[in-house]
Every structure is written in structure tokens, then in C-alpha cells.
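Please view the sequence and the structure together before reading on.

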Amino acid sequence: MTDNTQSTPPVQPPARSGDSAAAPDVSTSRKPEAVRGKRSGSTLITALVIVVILAGALGAGLWAQRKQFMNSGREVAARLDQLTRDLNQSRNDTREALSLAQAQAGKVSELETRVREAQSQYNTLQQALQNLNDGTSDEMLANDIERLVTIASQQLRLAGNVGNAIVALETAQGRLARADRPRFASLQQSINGDIDRLRAVPTVDIPAQSARIDRLVALVGRAPLLVPDTAAPAGVVAPSAAAPTPAPAAAEPAVAADAPWWQRWRAEVTSWPGRAGSALAHELGDLISVQRADAPAALLLSPEQAEQVRSTLRQRLMTVQLSMLMRQSSVWKSELDTVSDTLSRYFDGRSADTQAALHLARDLAQTDIAVRVPDVADSLNNIAALRAAGFKPEDGQD
């Protein structure tokens, strides 16, 4: 800023009266200086205003910048707080996971300890079982093997059941394998040979033969007898007992439709004798029938006796099935022959069911159910030889 004292004009002493002529010149010379002073003052004010405006704008900018900085600081502080909370939560989760992992590790260690204890107990029991097997006497082992071989022999001789005999011998074979006694090596070989021979034996197809016997039973129930009976299904009668077909009516003389009435009446009267003869022949046909029977007694059966014949055949077929299961070929053949003979004597041979039943019975009779099964004499003789030699402890055996 400039000093205002420099533009102030010097104070002049009051003029005297004698100098009045020169006074106007002095005031006229001072006017330009006053104008210059006013101009310099306005310029100074303008500059001052500009400086104030610039200062205000600068202050406003600084204030806005300070406010923005403070907002950014608060946002950064909020984010730092959130990150701190997340970090604390992560630390807590990590500590929980670590504690859980430690607890699981403890349980795993405990389970491993229990597994080792169980394994140790299992090994102890296995060793005890081995010691028990090793400590079993040879005589007790021979008794067990002899019992199993005897069962196999009984299955073969009494029932002819090869499958059960194989099961008994395989059980004895496994018993010898677990015992692992050198003294019984020859017996084990004999049992293996008997098993191989039994497996090579051909067997009878029991289910297929049973199905054929059931079919024969059904045919016996449907086949018609030479005389009607109540045991036959409804509507099934012998062809000989079936109702004869009505005789054809006598041929009537041909009469035109437009013939006179007296011609039609004469033709009607002429046809009466033929119609009467046909009706009489039809009625007498129900009373008289002709058929051939090899056994005359079969035509004299009552309905009760006919039903008894069917029941007897069913019982014989049950005996046939039992003889197949018991491998009794003689009973099998004799019963089937009896069934075939009964079908031929008492049943109508012209019926399809009778013919099918007779053919099936004869076919079954030709089936051989007697299976030639080998015995287990080698195993039994080997056991007898072991008993004869005695069961003294061998050298080196506890």
C-alpha cells in the first residue's frame, strides 16, 4: 500500500488582501492533483476488492478440500474398522477350527488306540483258536470225519441223494484242511477222490419229471370214462355218450310258392310220415348207443365207483412221485404200468385227453430213475486203517 501523506498538498498560508489577484491561479493548479488522488484511491479499492475476492475463493476452496479430506478420512476409518472386525472374526473362526481339528485329532488318536487294542485282542483270539485246533486230539478229529463220511454213505445208500453226500464230504474236507494234520493226508486224498466221483454222476431232473407227473394228474382229472361220472368236468363227456345229432327231415316235394292251396295242402300231408319217422329215430337214439369196450366190467361202474377209479389213479401218481424222490425204480415202473392199464380199461380211448395221458404214462415208465451212484468205501476204509494204527502222538508233535 502507498502512503497517502505524499499526495496531500502543503497547507498554504492565508493570502493577504494585496495578493488577491494571484489567488485564482493557485486553486486552478491544485485541481489536477486532486483528480489524480481520487484515481489512485479507486484503483486501490478495486485492488483491495479483488484481493478480498481471491482470498474468499481461496478460503472456500481450502474449506471444500478440507471437508472432502475429512470425508475421505472417515470412510477410510470405517473401512479400517470393518477390516479390523473381519480380521477379528477370521481369527475367532481360525481358533475354533483349530480347536475342532485338535478335538478330531484326539478322537482319531483314541480310535486308532482302540483299533490297535481290537487287533491285539483278535490276534490273541486267533492264536487261542489255533492253539485249540492244534491241541485237539487226533481221535476226536477222526470221530468227526467218520461221522460226516457215514452221513454221506447213508445219503447214497438210502436216498440216493448225491447232493447231500457231496455236502457232507466237503464239510469233512474243510475240517481236515483247517486241522492240517500230516497223519490225515491220505484220508484227505480219499475224500477228494470220492467227491470227484460223485460230481461226475449223472442226476435225474427232479423238477422236470415232477412237472410231467402233475400234467398227468391233470389229464386223469379231465379224461372221460366209458361211463359218465360226477368227477369229470362239466360239459366233458365221452363221444359215445354225446347226444346224437338229429336226423335230417324227409325231403318235401317241391311246390311253387304261387301254387294253389290244395297242392300245398297235399304236399304237407305227404311229408307227415317222413317227419314222424325222423322224430322216432331221434328219440330212440338217446336210448340205444353202440360202443366197443375191451373190459365189459368198465360199463357197469356206478358214478361213485367211477369217482373212486379217478381217486385211485391220483393216489398211484403220488406214489410215483415219492418213488422218484426215493430212487425206487421198481415202484416207479410198477405204478406207472398200473396207471397205463387203468387208463386203457376204464377210460374212453377216443378222447384226446385219454390218449395224451396214456402216452405220457408210458413215456414216464420208460424213464430210468435208478442212478448208479458210487460209494465212499475208500474214505471209510482209510478211517478204519487210522483207528487200527492207533492215535499215538507223533515225534515233534505237542
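By about how much of a helix are Arg-197 and Asp-194 separated in helix H4? These residues are three apart in helix H4 (residues 185-199), so about one helical turn lies between them. Helices (H or I, at least four residues) and strands (E, at least two) are DSSP runs, numbered from the N terminus. Arg-197 and Asp-194 form a salt bridge, with 2.0 Å between the closest N and O atoms; a salt bridge is a side-chain nitrogen of Lys or Arg within 4 Å of a carboxyl oxygen of Asp or Glu. Asp-194 is buried, at 1% relative accessible area, whereas Arg-197 is partly exposed, at 36%. Here buried means under 20% relative accessible area, exposed over 50%, and partly exposed in between (1.4 Å probe, protein chains only). Salt bridges with shared partners join Asp-194, Arg-197 and Asp-378 into one network.

The model is predicted: local features need pLDDT of at least 70, side-chain atom pairs count only at pLDDT 80 or more, and totals for chains, interfaces and linings use all residues. Residues are numbered from 1 along each chain as its sequence is written, and side-chain values use heavy atoms, with hydrogens and water left out. The pLDDT, the predictor's confidence in each residue from 0 to 100, has a mean of 76 in the protein, and 72% of the residues reach 70 or more. Over residues 233-252 the pLDDT is below 50, and this stretch has 26 contacts in the model beyond near neighbours in sequence. For residues 1-28, pLDDT likewise stays under 50, and the model has four contacts beyond four places in sequence. A contact means heavy atoms within 4.5 Å.

The overall architecture comes next. The protein has ten helices and zero strands. Of its 398 residues, 21% are buried. Among contacts between residues at least 6 apart in sequence, 76% join residues at least 24 apart. The accessible surface comes to about 27700 Å², and carbon and sulfur atoms account for 58% of that; areas come from the Shrake-Rupley method with a 1.4 Å probe, and for residues only the protein chains shown count as cover.

Which residues have the most contacts inside the largest nonpolar core? They are Leu-216, Trp-332, Leu-343, Phe-347 and Leu-364, in a core of 25 residues. Helix H5 (206-222), helix H7 (303-325), helix H8 (329-346) and helix H9 (352-365) each supply at least two residues of this core. A nonpolar core is a set of buried Ala, Val, Leu, Ile, Met, Phe, Trp, Tyr and Cys residues joined through side-chain atoms within 4.5 Å. Apart from this core lies another, of 24 residues, including Leu-148, Ile-166, Ile-195 and Val-376.

Leaving out residues up to four places away in sequence, Phe-347 touches partners including Val-220, Leu-226, Val-309, Leu-313 and Thr-354. Gln-209, found in helix H5, counts as buried at 10% relative accessibility. With the same exclusion of residues up to four places away, Gln-209 touches Val-204, Met-324, Trp-332, Leu-364 and Thr-367.

Further salt bridges can now be placed; the structure holds twelve. Glu-75 forms one with Arg-79, the closest N and O atoms being 2.9 Å apart. Because Glu-75 and Arg-79 are four residues apart in helix H1 (residues 23-135), they are separated by about one helical turn. Glu-75 is partly exposed at 42% relative accessibility, and Arg-79 is exposed at 55%. Another salt bridge joins the side chains of Arg-350 and Asp-348 (3.5 Å, N to O), with Asp-348 buried at 3% relative accessible area.

The last stop is the surface. Trp-261, Trp-262, Trp-265, Val-269 and Trp-272 make a nonpolar surface patch of about 650 Å². Patches are made of residues with over 30% relative accessible area and no salt bridge: like charges are joined within 9 Å, nonpolar side chains (Val, Leu, Ile, Met, Phe, Trp, Tyr) within 5 Å. Trp-262 is found in helix H6 (residues 261-285) and is partly exposed, at 41% relative accessible area. Glu-139, in helix H2 (residues 138-159), is also partly exposed, at 44%. Between Glu-139 and Leu-386 there are 9.3 Å in space, C-alpha to C-alpha, although the two are 247 residues apart in sequence.
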